[in-house]
Amino acid sequence: MNKRRSTVTVLGLGYIGLPTALLMADNDIKVFGFDISKDRVNLLKDGTLPFSENGLKELFEHVKQKNTFQATTQLVSSDFYLIAVPTPQDHGKADLIYVIKALEMIEPIFQANQTIIIESTIGPRDCEDVLIPLIQKWKKKFHFVHCPERAIPGNTLLEMVHNDRIIGGYSLACAEKVGKLYSHFVKGPLHLTTPVVAASCKVMENTYRAVNIALSNEFTQLAEELHFNVWEAISLANRHPRVNIHEPGPGVGGHCIPIDPWFFVGNSTGKSLIKLALEKNASMAEYVFQSIEESIRIYQLKNPIVGILGFAYKKNVDDARETPAEPLKRLLEKKYKVLITDPFIKQPFISSEKEVLENANLIVIVTNHDHYQKIDFAKHTQLKIIYDSRNSLTLSQKKSFKGQYVALGNTA
Ligand code: SAJ
């Protein structure tokens with residue numbers, strides 16, 4: 001007998017929802033991809049991806065052949081509803097407005113025994129205190145799971161398939177049901193637990209990273225006072241088998257690491273290591289700005305024209321959410337003419353790389369896209385200072401450049 005295939009409606013076709021939907025569809029699950037944006041759905045119907053991500057184009061092409069994915073602005077009743085909508089930070093809490101809107105849209109088509117999966121990152125007790133009580137009011141038998149997404153932009157597909165997944169079920173049966181669904185496209189181990197553990201675990205992961213980056217940023221400031229090369233020191237310290245210090249930089253961007261830790265500490269008034277770390281990271285743009293000012297003073301740069309290389313929040317992605325380039329741009333623009341370029345970002349204020357390289361007499365590397373390691377800075381003779389907030393230039397780039405090269409955390 002031919003067993004009926006499960007159907008899944010994915011709500012939110014963004015950086016997480018779309019790759020998840022396509023992975024499921026590629027594994028012969030029938031997937032309806034719902035988004036409130038008609039433009040996004042029309043793009044997908046026309047066979048175009050709304051953003052780029054490693055391997056996503058190939059996966060999309062494959063799924064098109066199989067005909068298992070359908071983009072739609074009409075919500076379709078399915079065995080599973082997977083919610084992957086944004087949860088911005090609102091006064092220290094996850095703003096559940098889009099998750100709640102998604103649930104309100106599901107309610108009229110929801111049938112008994114269907115399952116709701118929340119992949120959006122939410123606060124530790126949001127399932128128990130807000131979302132589950134809301135679904136209980138529908139008075140229908142439901143299954144519910146919180147399975148926070150854990151894939152990193154730039155390597156999303158590989159991580160979605162190979163990372164461990166934490167499946168927090170309203171009951172063990174709920175978790176098992178969703179575990180079975182995920183086992184069709186996830187090769188990593190699946191861990192069954194409760195929603196509050198799943199949510200806390202996700203926020204802890206990003207908090208660990210935020211605090212670790214803050215520590216490396218503090219080491220950077222110490223290195224500049226004590227005159228040692230922080231990059232060399234960190235890489236040597238990391239040779240220790242139990243040490244993994246992260247990298248310093250101009251600040252922390254993206255939709256997760258500067259935001260999620262607030263879900264733990266947003267409401268606390270007491271002393272908090274987590275809060276301090278978030279503030280330290282957020283202060284790095286100002287610190288980098290002051291360092292640039294100092295370089296302009298020391299090297300007596302006349303009529304500075306500042307060129308920012310990189311606007312994305314991290315290397316090789318086309319995502320500028322919460323990018324540290326934004327506060328730095330604002331600070332620099334108050335005093336100087338600023339030109340910004342990024343091969344991945346399309347915004348009205350983005351100039352061509354040629355224009356920036358040919359006009360700036362001071363370059364600030366904000367995002368360390370691999371591509372920048374191929375630039376021959378030496379041939380732009382008007383360029384007097386390179387300020388590298390990521391310590392990203394190659395040795396040969398540094399050697400050939402005849403102006404002043406300054407790296408964050410290396411005044412040795
Ligand atoms: N950054 C540093 N120093 C570092 C590492 C990162 O300054 O050593 C900066 C980056 O430049 C960037 C920001 O931090 O501006 C965040 O980048 P990231 O690569 O650390 O993280 P995200 O936000 O792209 O993805 C994270 C991941 N979480 C963890 O690695 C614990 C990902 O697995 C999550 O799925 C994602 O958050 C999320 O959605 O929560």
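Contact here means heavy atoms within 4.5 Å. The model is predicted, so local features need pLDDT of at least 70 and side-chain atom pairs count only at pLDDT 80 or more, while totals for chains, interfaces and linings use all residues. Residues are numbered from 1 along each chain as its sequence is written, and side-chain values use heavy atoms, with hydrogens and water left out.

Start with Phe69. Not counting residues up to four places away in sequence, Phe69 touches Leu18, Ala21, Leu22, Ala25, Lys30, Val31, Gly33, Phe60 and Val63. Phe69 also belongs to the largest nonpolar core, which has 40 residues. A nonpolar core is a set of buried Ala, Val, Leu, Ile, Met, Phe, Trp, Tyr and Cys residues joined through side-chain atoms within 4.5 Å. Buried means under 20% relative accessible area, exposed over 50%, and partly exposed in between (1.4 Å probe, protein chains only). Met24, Phe69, Ile117 and Tyr182 touch the most other members of the core. Elements that each supply at least two residues include β1 (7-11), α2 (38-45), α3 (56-66) and α6 (156-162). Helix α1 gives the most, with six residues. Helices (H or I, at least four residues) and strands (E, at least two) are DSSP runs, numbered from the N terminus. Another core, of 28 residues, lies apart from this one; among its members are Val288, Ile292, Leu301 and Tyr387.

Now the sheets. Two strands pair if DSSP finds at least two bridges between them. Eight strands form an open sheet with mixed pairing, in the order β3-β2-β1-β4-β7-β8-β9-β10. Strands β3 and β10 stand at the edges with a single partner strand each, so one side of each is left without a neighbour in the sheet. The twist averages 20 degrees from one strand to the next. Gly33 stands opposite Ala71 in β3. Helix α5 packs on the sheet, touching β7 and β8, and its direction makes about 150 degrees with that of β8. Axes are lines fitted to C-alpha atoms, for helices over the stretch in contact, and angles run from 0 to 180 degrees between N-to-C directions.

Follow the sheet to β9 (residues 165-169). Five of its five residues are buried. Arg165, Ile167 and Gly169 lie on one side, with Ile166 and Gly168 on the other. On pairing, β8 (residues 143-146) meets β9 in the antiparallel sense over two bridges. Val145 has Gly169 as its bridge partner in β9. Strand β10 (residues 190-193) runs parallel to β9, joined by four bridges. Here Gly168 stands opposite Thr193. With helix α7 (residues 172-182), β9 and β10 make a right-handed β-α-β unit. Right-handed means that, with the strands pointing away from the viewer, the path from the first strand over the helix to the second runs clockwise.

Helix α4 (residues 97-106) has Val99, Ala102, Leu103 and Ile106 as its buried residues. Seen down the helix axis, they fall within an arc of 100 degrees, so they line one face of α4. The arc is that of the directions from the helix axis to the C-beta atoms. Their cover includes β1, β4, β7 (115-118) and α5 (126-136).

One more open sheet remains to be described. Its five strands pair in parallel, in the order β12-β11-β13-β14-β15. The edge strands, β12 (337-341) and β15 (404-407), each pair on one side only. Within the sheet, four bridges join β13 (residues 362-365) to β14 (residues 385-388). Leu362 stands opposite Ile385 in β14.
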